[in-house]
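User: I would like to go through this model in questions and answers. Please start with the terms.

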Amino acid sequence: MGLSVQNITKRFRDVTAVKDLSFEVDRGRILGFLGPNGAGKTTTMRMILGIIKPDAGEVTWEGMPFLHWGRSFFGYLPEERGLYPKMRLDEHLVFLARINGVPARDARQRAAQWIDRFGLGQYSHKRIEELSKGNQQKVQVIGALIHEPELLILDEPFSGLDPVNTAMLKDVLLEQNKAGRTIIFSSHRMDQVEELCEDIVLIHKGQLVLAGNLRRIKSAMGRQILRVALEGDRDFWRRIPGLILLGERPDYFEFRLSAGVSPNVVLEAAMEAGQVIRFELAEPSLDQIFIERVGAGA
Amino acid sequence: MVPVIVKRDFTSRVRSTPYIVTTIIGVLVFVGLGFAPAVMQYFSAAFGDDSLKLLVVDYSGEFAPALLEAAAENGGQGVQLETIPPGQESAAYQRVLDEGLSGLLLVEPPEFAFLTPDAADMARNSRVQRLVNQGLVRLNARQLGLSQDELARLFASADLKVRQIGADSSEVSEEDFTASAVLAYLMLFMIYMSLLLYGNMVASGVAEEKSSRIMEVMIAKVKPTELMAGKILGIGALALLQFAIWVGAALGTGAVRRAGWFGPALDWEIPLGRIEPALLAWFVVFFVLGFFFYASIFAAGGAVVSRVEEVNQVVTVVTMVIVVGFLAAFMSFTNPNGRLAVITSLLPFTSPMVMFARLALGNPPAVQTALSVLLLLAANIAGAWFSGRVYRIGVLLYGKRPTMREIVRYMRG
């Protein structure tokens, strides 16, 4: 059953940040929580965590109100700067573990382990404000999972991380997931979402646009993406109604087929125009789904 | 959870440079207050030439003997007088300059002139003034035919004994009273400064948490009231630790002074060693209650701003109320049982300072003391409730500062 968000709504003054939003996250899954800037992702996460109260609707875990599960049951990583700047790194991690009910001795032990794992050893006595943004982000990530929560809610966990650390964080998240933990994370980077998530939720202007298994969503969209490379008349596609140019790359074109347009028609036209080098029918990438579903209004 | 938060707020500040510096400065002030009189005495004895060497030209012929008598009666005390016959003024004038004497006194009652190379030395001028006055009194008494005995009776001073009546009757000497007034003033000032300083620390601490998103993590994990209580207790402990160090320094200095090191105690010295335990207890009671009351208001203030820079604007009002309380307490010193003192010692906004001042100096009725403490306790509870709600709403509102009306609306919701 996992997490169930049921018809939550939140208004700030005259702006409706989240409107009648419902979705579910199965236990032990990784969910990518997507949406353009200002879609209401952070507000939704805050409502799940009880930081702000929804005007309507409720959030449950295993059928029970979310907040009955206690503070150590979830880990939360806010968007950025969720640390005390004047505190020492090691003390900060111990503090975050203690806040979540980890006994002092365990807290120190775990902090040391994670500091080691993330290569922060040389900074462990430094104050947070003296660390680079990337290292601060690592501290925040550790802070969210140091008490081994059942559910991880991470708001933009990859922001500020270089490729090496991004890869490491991905490993950590997959490892946490393997240990049975449920993870919800938001991101703007669709490639990261595609790599990690089985399920996605896409919201726009506070409303649900798309939810479900990523693979099924993709196949349901149909093989509408067409990549064509040819030597010859590069304007051939203009004569075909219902064929939309998505991008003209140096070595190939990318099109979207409107409903009812057969790929065969395109292939014939291409063959007439010149030598066809590549003709590929593909599922849309998450990027394309994202842009298609929210792009017009964003 | 509160202890973990208290510990964090305490340890992260106790190591900070400003805290260490103010603590050390406080210790230096108390040690300095203890030793300064002795030190000053030492320096003035070493450098200040306080002997008075005067040449006197007496045109009347009657004043000089009276003046000599007056000087002799004061035990001489470094006064050297030399009478110069009239007519040799210019030679005397020259001697004052050449020999570095204190000055030349020209006398023809009721005219007196003091010619001195250093007319700006006010202390010396007033010594000469006193001496001349005494001489004049003697001269006049002699001319009126008063005997030495009659003279003594004329100037006998009344020995007024002040006695406290009622519950706590005891004789208070004026010296004791001055000493305890100075001490009480010092302690009052400490309450005042700490309410301001540590209250502001609470406000800016909350604003700091809010401006960094740590507040989101905390509020998801800890109840806002726990978070607020933890911060107030942590910072309150910080203040109490500082007091303990200062009081320790004061008592230590007092003990050292009484042991007679660095010369005998002087009569105008602040008796640091003589802090009464009861007064110290009242100090703790009123500081703690006053601090919690104001700190919760400061916390709410910190919670409604969204940047640390804005804190000042919001807390100014609270600061002003504290200043008013301090002034009221200060005025109560002169009349600890006056109407102003009684009223302001009951109002929770001013009572931490005024009631303490009254307890330090006067003997307020036990009913008033109890009522003051009870009202302050009630105010603490009301303040915690109010601030807890404002805090809970304020900490997660970013951007525009909420108006009073919005706060009220959110509190209902």
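Analyst: Helices (H or I, at least four residues) and strands (E, at least two) are DSSP runs, numbered from the N terminus. The model is predicted: local features need pLDDT of at least 70, side-chain atom pairs count only at pLDDT 80 or more, and totals for chains, interfaces and linings use all residues. Residues are numbered from 1 along each chain as its sequence is written, while chains are lettered from A and ligands numbered from 1 in the order in which they are written.

User: Which residue follows α5(B), and what is its phi?

Analyst: Helix α5 of chain B covers residues 122-144. The residue after α5(B) is G145(B), with a positive phi near 80 degrees.

User: How many residues lie between β3(B) and β4(B), and how do the two strands pair?

Analyst: Two strands pair if DSSP finds at least two bridges between them. Strand β3 (residues 103-108) of chain B meets β4(B) through five bridges in the antiparallel sense, with L105(B) bridged to F114(B). They form a hairpin, and the number of residues between them is two.

User: Is G301(B) buried or exposed?

Analyst: G301(B) sits in helix α10 (residues 277-304) of chain B. Contact means C-beta atoms, placed from the backbone, within 7 Å, and beyond four places in sequence G301(B) is in contact with A203(B), V314(B), V315(B) and V318(B). The C-alpha atom of A207(B), 94 residues away along the chain, is 8.6 Å from that of G301(B). G301(B) has 30 C-beta neighbours inside 10 Å and therefore counts as buried.

User: How far apart are the centres of the two domains of chain A?

Analyst: Chain A has nine helices and 14 strands, and its C-alpha trace spans about 75 × 45 × 35 Å along the principal axes. An automatic or database domain assignment supplies the bounds: domain 1 is 3-218 and domain 2 is 223-282. Taken over C-alpha atoms, the centres of domain 1 and domain 2 of chain A are separated by 42 Å.

User: Which strands are the edges of the six-stranded sheet of chain A?

Analyst: This open sheet has mixed pairing and the order β6-β7-β8-β3-β9-β10. Pairing on one side only marks the edge strands, β6 and β10 (207-213) of chain A.

User: At what angle to β7(A) does α1(A) run?

Analyst: Axes are lines fitted to C-alpha atoms, for helices over the stretch in contact, and angles run from 0 to 180 degrees between N-to-C directions. Helix α1 (residues 41-48) of chain A lies across β3 (30-34), β7, β8 and β9 (199-204) of that chain. Relative to β7(A), the direction of α1(A) is at about 150 degrees.

User: Which residues of β6(A) point opposite to F74(A) and Y76(A)?

Analyst: F74(A) stands opposite L151(A) in β7(A). F74(A) and Y76(A) point one way from β6(A), and the residues pointing the other way, likewise buried, are G75(A) and L77(A).

User: What is the order of the four-stranded sheet of chain A?

Analyst: The edge strands here are β12 (243-248) and β14 (274-282) of chain A. Strand β11 (residues 225-232) of chain A pairs with β14(A) over eight antiparallel bridges, and I225(A) has A282(A) as bridge partner. Neighbouring strands are turned by 25 degrees on average, direction ignored. The sheet is open and antiparallel, in the order β12-β13-β11-β14.

User: Which helix gives the largest share of the side of chain A that touches chain B?

Analyst: In contact are 20 residues of chain A and 14 residues of chain B. The chain A side has 11 nonpolar, three polar and six charged residues (Ala, Val, Leu, Ile, Met, Phe, Trp, Tyr, Cys and Pro are nonpolar, Asp, Glu, Lys and Arg charged, and the others, Gly among them, polar). The largest share of that side, three residues, comes from residues 89-99 of chain A, helix α2.

Key: Expected span 1.5 Å × (residues − 1). Contact = placed C-beta atoms within 7 Å. Buried ≥ 20, exposed ≤ 12 C-beta atoms within 10 Å, placed from the backbone.
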